[in-house]
Amino acid sequence: METYNIPEITRNVFAVGSKDWNRRIFDSLIPLPEGTSYNAYLLKGERKTALVDTVNPGFEEELETKINMVSDLEKLDYLIMNHAEPDHANAIRFILEKAPEALFVTTEKGVKMAKLYHELPEARIKVVAEGDSLDLGGKTLHFIEAPWLHWPETMFTYIPDDKVLFSCDFFGAHTAQGVYDEDIEELVSLAKRYYGEIMMPFAKMGARALEKIKDFGIEIIAPSHGPIYKNPKRILDPYEKWTQGKTENKALIVYVSMWGSTREMVRTIAETLLKEGVDVRMYDLAASDIGDVARELVDSRAVVFGTPTVLGGMHPLALYGTYLVKALNPPAKYGVVLGSFGWGGGALKQAGELLGPSKMEIMGTLQVQGRASKEDLKKVEEIGRELARKMKT
């Protein structure tokens with residue numbers, strides 16, 4: 001195909017990446033209900049040209065065609081790698097072979113990470129660090145180290161002349177829809193889901209990155225997934241809140257139920273919390289998109305776990321969900337564990353072992369044999385009222 005939309009996001013800065021409309025899973029973990037994009041950007045100065053990031057496997061020829069529609073790939077001067085993950089860096093060798101004079105530009109850590117995936121020509125590597133710059137002629141590129149967003153080598157590239165920040169995964173969203181933030185009404189929700197899945201474990205590093213760029217006067221944010229922000233405040237304000245771990249009076253309930261007993265318990269606590277004025281979001285892990293759970297974790301103040309016992313431990317889906325919550329390191333302050341068993345318990349013990357090292361204060365646990373009795377459900381209500389009281393203080 002020779003016909004492509006190549007947005008010029010500001011003077012001589014072109015979006016040359018790819019949209020993956022049909023991709024539905026990322027890292028064999030993250031659902032992609034709206035596909036995703038692999039954004040790359042061609043920068044044309046008066047004397048030099050640079051490409052910021054590349055594309056996922058399978059999109060190399062599209063990238064080549066797009067670059068050649070606005071420039072000459074063979075004469076590319078710099079290939080800048082903000083992040084070594086293959087969805088952004090897969091085409092490094094492809095581009096370097098097509099552009100024989102281009103220098104590969106990244107941090108020292110970036111070189112080490114890139115070499116895990118590619119054989120790099122040593123003579124064509126240019127290592128940059130915090131504060132270094134490249135002059136393209138009328139466009140000066142500044143490099144900002146942004147470690148652990150979300151790999152150790154990540155950096156940002158910034159053009160102060162145009163006030164454009166290329167932030168790689170930071171500020172991203174998994175969607176193939178739209179070109180600019182104004183095109184998608186629900187973009188912040190998509191970005192929140194992405195933050196929960198990818199960036200939440202690195203909230204402190206995210207806050208440091210925001211501090212670094214706060215005085216840049218940024219007018220455009222160009223991430224490597226999802227739409228480009230013409231209104232940076234639309235994403236900067238939520239990111240400031242999320243990276244600071246600010247929570248709402250909201251409880252997230254995640255559960256699995258085999259024969260209805262655990263379901264009855266979590267519904268009881270949900271109704272109790274609602275009656276006490278707590279916002280409740282509830283997901284059955286047997287039928288829910290784990291990305292929705294990640295999104296709600298970003299600002300939930302409490303998490304309620306519900307699990308039956310299976311062969312002496314948690315139900316496998318509940319075990320997976322609980323492990324994921326722990327790994328994502330959400331800002332939730334309080335937790336509750338509810339469960340049931342038939343001929344043998346063990347789920348609560350395993351849940352306690354998993355959640356013990358977390359920063360959540362466990363406000364209550366209850367495990368019942370068989371169906372929950374009226375007395376059991378009254379205990380659940382008591383736990384719910386105490387949780388609601390604690391959440392409001």
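## Burial of helix H5

In H5, the buried residues (under 20% relative accessible area, with exposed meaning over 50% and partly exposed in between, for a 1.4 Å probe and protein chains only) are Leu 187, Leu 190, Ala 191, Lys 192, Arg 193, Tyr 194, Tyr 195, Gly 196, Glu 197, Ile 198 and Met 199. Helix H5, residues 187-199, is thus mostly covered, with 11 of its 13 residues buried; helices (H or I, at least four residues) and strands (E, at least two) are DSSP runs numbered from the N terminus.

The model is predicted, local features need pLDDT of at least 70, and side-chain atom pairs count only at pLDDT 80 or more, while totals for chains, interfaces and linings use all residues. Residues are numbered from 1 along each chain as its sequence is written, and side-chain values use heavy atoms, with hydrogens and water left out.

The cover over the buried residues of H5, with contact meaning heavy atoms within 4.5 Å, includes strands E5 (30-31) and E17 (248-255) together with helices H6 (203-213), H7 (233-243), H9 (290-297) and H10 (316-328).

## A five-stranded open sheet

An open sheet of mixed pairing is formed by 5 strands in the order E12-E13-E14-E15-E16, where two strands pair if DSSP finds at least two bridges between them. Its edge strands, E12 (133-135) and E16 (220-223), each pair on one side only.

Within the sheet, strand E14 (residues 155-159) runs antiparallel to strand E15 (residues 164-168), and 3 bridges join them; Ile 159 has Val 164 in E15 as its bridge partner.

## Annotated span

The UniProt record, an unreviewed entry, annotates residues 251-388 as "domain: Flavodoxin-like", and such annotations may be inferred rather than shown by experiment. In the model, the end C-alpha atoms of residues 251-388 lie 9 Å apart, and the span is 43% helix and 30% strand.
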